[in-house]
Amino acid sequence: KMVSPSFALVFLLLGGPTSHAALQRLKLSKLDKTARQELRKNRNLRTLAKDWAEHSSNEHEALKGSHSVTVHNFMDAQYFVEIGVGNPPQKFNVVPDTGSSNLWIPSKSCPLTQLPCDLHSKYDSSKSSSFSKNGTVFSIQYGSGACSGFISQDSVTLGDITVENQLFAEVTKEPGIAFIAAKFDGIMGLAFDTIAVTHAPPVFYNIMDQGKVDEPVFAFYLNRKAGGDGELVIGGTDPDHYTGDFTYVPLTNKTYWEFTMDSLSIGDEAYCSGGCHAIADSGTSLLAGPSDVVKELNKKIGAVGVFEGQCDQAIDQAGDKIIDQVLNKIDAKTICTGIGLCKNTVECLGCEGLVNIVKAEASKNSSREQVLDEMKKVCKLLPSPNGEATVDCSKLSSMPNVDIVLAGKTFTLTPEQYVLEVGAGGEQECISGFIGLDVPPPNGPLWILGDVFMGAYYTVFDYGNSRVGFAEAA
């Protein structure tokens, strides 16, 4: 059990040890692209992930009854830290995730047929002198992937801290697409033990119980600058990375780091009237909320669905060519394949819809301008995968701010803070930081303040006082 603050104070007054543990600063490495962005940009990887998802579909289906973490799927995880497991330490890159509670890494026991394991570092218990067998079955389900394996016990090293006898999962199966594209090896959950699979104590619980830190807090600095890394501080905060005072919100539920969000608004349009459930989640790069509300948010900032944006761009680049080929009576499939708009079923259907519009307008002797306008109307009907939306990078300066109120204080997100700029030069793309995610009851509906918010506001997770604090990032 954790030593209570009152007992600790009495202990010190009676002459107990007064040595202080130093703050532990862990480098938060930032990925150039999230798994979702990698899949969108890399056709070969997308094909590989699709093939793996189909190949592992039976395994994925079999794990659907396991412990479910609905708040995210790690397709958008952007930061990781390096930890060591075992003695001598075996190195792994893991996502420090305040939206889940278990530590898991790939196991050397993974079958050769498990492609995600093959793409990442694997733990070998035979090479650790501190390993202790446990063997309890482990399985967990995420939004676009799952994993299963067994529990083991070993030491875990984070910076200068060595946590003894940590229970963690050796993962032997990783069905789904999330972990094919992921650049990290595993997950280090930093939420509460109430949602830990197999009730394995989270790493931070053991850090506190083993007296590795003086204060039961940890804090995130997420450097949002291109190529910049952040910092995870364990045992305190770093004043160099924030300005002003913290605004604290008390926890309303000790599962995730959950609290009440007073409101969210754009201009005069307010959402979440009367308060909403929200969590601070380091495991996702975006700010997520109920799909119907996020759809309105994205409309307010001028964002369009990913497919709609790609469709508009294709018409700007190839609209006249499509018209000419239709007039030359070339079939839709040939036209769409030739201009690169038939890479998947949705694209093919959308492109063929454009071709049919051109045929209909041509039969009415419409002008080219009229035909192109009608084609763009079709673009607006295309569904957006996973609620993703893009904005025009040249319009950031004219886009509105978004205000989030916590504990009566307004936290403003500027367009430069809530829009993710991906790529460089001619490949530059601007993605809305708002995405729809419907968390079912009893945990939802839920707003998830991910890296979009935590990047703008230094975030401290205060276990001792059951609260989360926010201050302007420096």
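These legends walk you through several close-up views of one predicted model. Residues are numbered from 1 along each chain as its sequence is written, and side-chain values use heavy atoms, with hydrogens and water left out. Because the model is predicted, local features need pLDDT of at least 70 and side-chain atom pairs count only at pLDDT 80 or more, while totals for chains, interfaces and linings use all residues.

View A. Strands here are DSSP runs of E with at least two residues, and helices are runs of H or I with at least four, both numbered from the N terminus; two strands pair if DSSP finds at least two bridges between them. Strand 7 (residues 146-158) pairs with strand 8 in the antiparallel sense over 10 bridges, and Ile 151 has Ala 169 of strand 8 as its bridge partner. The two strands make a hairpin with two residues between them, and Gly 159 in the turn has a positive phi of about 60 degrees. Strand 5 (residues 103-106) runs parallel to strand 8 (residues 161-173), joined by three bridges, with Pro 106 opposite Val 171.

**View B. The largest nonpolar core.** Such a core is a set of buried Ala, Val, Leu, Ile, Met, Phe, Trp, Tyr and Cys residues joined through side-chain atoms within 4.5 Å, where buried means under 20% relative accessible area, exposed over 50% and partly exposed in between (1.4 Å probe, protein chains only). This core has 84 residues, and among those touching the most other members are Leu 406, Trp 447 and Phe 470. Helix 7 (residues 203-209) supplies the largest share, five residues. A second, separate core of 18 residues includes Ile 315 and Val 371.

View C. Strand 21 (residues 402-406) is joined to strand 22 by five bridges, and Val 405 stands opposite Thr 410. Contacts (heavy atoms within 4.5 Å) of Leu 406 include Val 249, Phe 259, Phe 411 and Phe 453, leaving aside residues up to four places away in sequence.

**View D. Asp 316 in helix 9.** Asp 316 sits in helix 9 (residues 306-327) and is exposed, with a relative accessible area of 56%. Its C-alpha atom is separated by 8.7 Å from that of Leu 372, 56 residues apart along the chain.
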